[in-house]
Amino acid sequence: MKVPIFRASVPKSHPLLIHSLSSALPLTDEASKKKRLLSCCASSELNPVRPELTFCVGTHLIPHPNKVEKGGEDAFFVSSYNGGIIAVADGVSGWAEQDVDPSLFPKELMANVSCLLGDEEGNNNPQILIGKAHAATSSTGSATVIVAMLERNGILKIANVGDCGLKVIREGKINFSTSPQEHYFDCPYQLSSESVSQTYLDAMVSSIELMEGDTIVTGSDGLFDNVFDHEIVSALAGYRDVAEAAKALANLASNHSLDSNFDSPYSMEARSRGFEAPLWKKILGMKLTGGKPDDITVIVGQVVSL
């Protein structure tokens, strides 16, 4: 369970809108195609024009076993705007102890990311977009969040607060990974309704130049706490369809999360921080193991040329 940093009052209710796509294949109009064709014809062999890039996206969400009825506390947003935008927000479950629905804040945050896409200042800056979406969110609660924006020239800009993550797989290897931010174990940085919390200024900002054929895996910590990098790479190798790949990764994470004998990334990190196995396991000479039951959001994006 993620720990909220601050206590809060009962939230107001708000109509929420979540934008998501099970798959997205942005198409271009004929005029754009002709324009690119003419551009290619005008270029020389010594100065080839780099193709414009976008995502083909597949998504899958599996709620925590105890939160299936309400759909879990993760929210995500996918858009074909510009080269493509991927965003995930993971509600901090500890707010339930204050009679606050932890799903409201991340849902509204993602709805605001959607509404602010046309904003001039945040158009090409995921950190600013996070800040404006946070400022517009009035639900009580908190969430970790990641926003990734692909420009058509292939530059992927990323801003993340907390432990949602993104990995780039190129030629069967992890080429890039974001790093989680935390106050202490299981208490990540988070955007909150409270006046004193992390803000967009605390976001870890990065960028990477993508290539056609790269695969992007974005998700909540429910994925990365339960699945190792090598498992992500192996799972992706078995699928050409991004929606099927996202589903396979989510199912793998879910199975690991419920396996008390699986030595997960989460249990390995817990041991490294000094956490120990229950007494009965110690008596049997067993170590602290097991996955972490959680909401699991997986977004797989294949980089393709327009």
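**Helix packing, pockets and backbone of the predicted chain**

The cover over the buried residues of helix H6 includes strand S2 (53-62), strand S13 (215-219), H4, helix H5 (229-237) and strand S14 (296-305), where contact means heavy atoms within 4.5 Å and buried means under 20% relative accessible area, exposed over 50% and partly exposed in between (1.4 Å probe, protein chains only). The model is predicted, with local features requiring pLDDT of at least 70 and side-chain atom pairs counting only at pLDDT 80 or more, whereas totals for chains, interfaces and linings use all residues. Residues are numbered from 1 along each chain as its sequence is written, and side-chain values use heavy atoms, with hydrogens and water left out.

The chain has eight helices and 14 strands, taken as DSSP runs numbered from the N terminus (helices H or I, at least four residues; strands E, at least two). Of its 306 residues, 52% count as buried, and residues 24 or more positions apart account for 75% of the contacts with a separation of 6 or more.

The buried residues of H6 are Val242, Ala245, Ala246, Ala248, Leu249, Ala250, Ala253, Ser254, His256 and Ser257. The 16 residues of H6 should span 22 Å at 1.5 Å a residue, and the end C-alpha atoms are 22 Å apart, which agrees; the expected span is 1.5 Å times one less than the number of residues. Leucine 252, which lies in helix H6 (residues 242-257), counts as partly exposed because its relative accessibility is 23%. When residues up to four places away in sequence are not counted, leucine 252 touches Val227 and Glu231, and its C-alpha atom is separated by 7.3 Å from that of valine 227, 25 residues apart along the chain.

Helix H2 (residues 104-115) has twelve residues and reaches 16 Å from its first C-alpha to its last, close to the 16 Å expected. Ten of the twelve residues of H2 are buried, so this helix is largely enclosed by the rest of the structure. Strand S3 (74-79), strand S4 (85-91), helix H3 (126-135), strand S5 (142-150) and strand S11 (191-192) are included in what covers these buried residues, among them Leu104, Phe105, Glu108 and Met110.

On a 1 Å grid over the protein atoms alone, a pocket is an open set of points with protein on both sides within 12 Å along at least five of seven lines, a cavity is a set where a 1.4 Å probe fits but cannot get out, and lining residues have an atom within 4 Å of a point. The largest pocket holds about 520 Å³ of space, a volume being the space filled by probe spheres set on the points, which are joined across faces, edges and corners. Its lining comprises 26 residues, of which Asp163, Pro180, Asp221, Phe224 and Asp225 lie nearest its centre. One cavity of 30 Å³ or more is counted, and the largest cavity has a volume of about 50 Å³; its lining residues include Tyr81, Asn82, Met149 and Lys157.

Most residues other than glycine have a negative phi. Glutamate 171, in the loop between S7 and strand S8 (173-177), has a positive phi near 55° and counts as exposed at 77% relative accessibility. Aspartate 186, in the loop between S9 and S10, has a positive phi near 70° and counts as buried at 17% relative accessibility.
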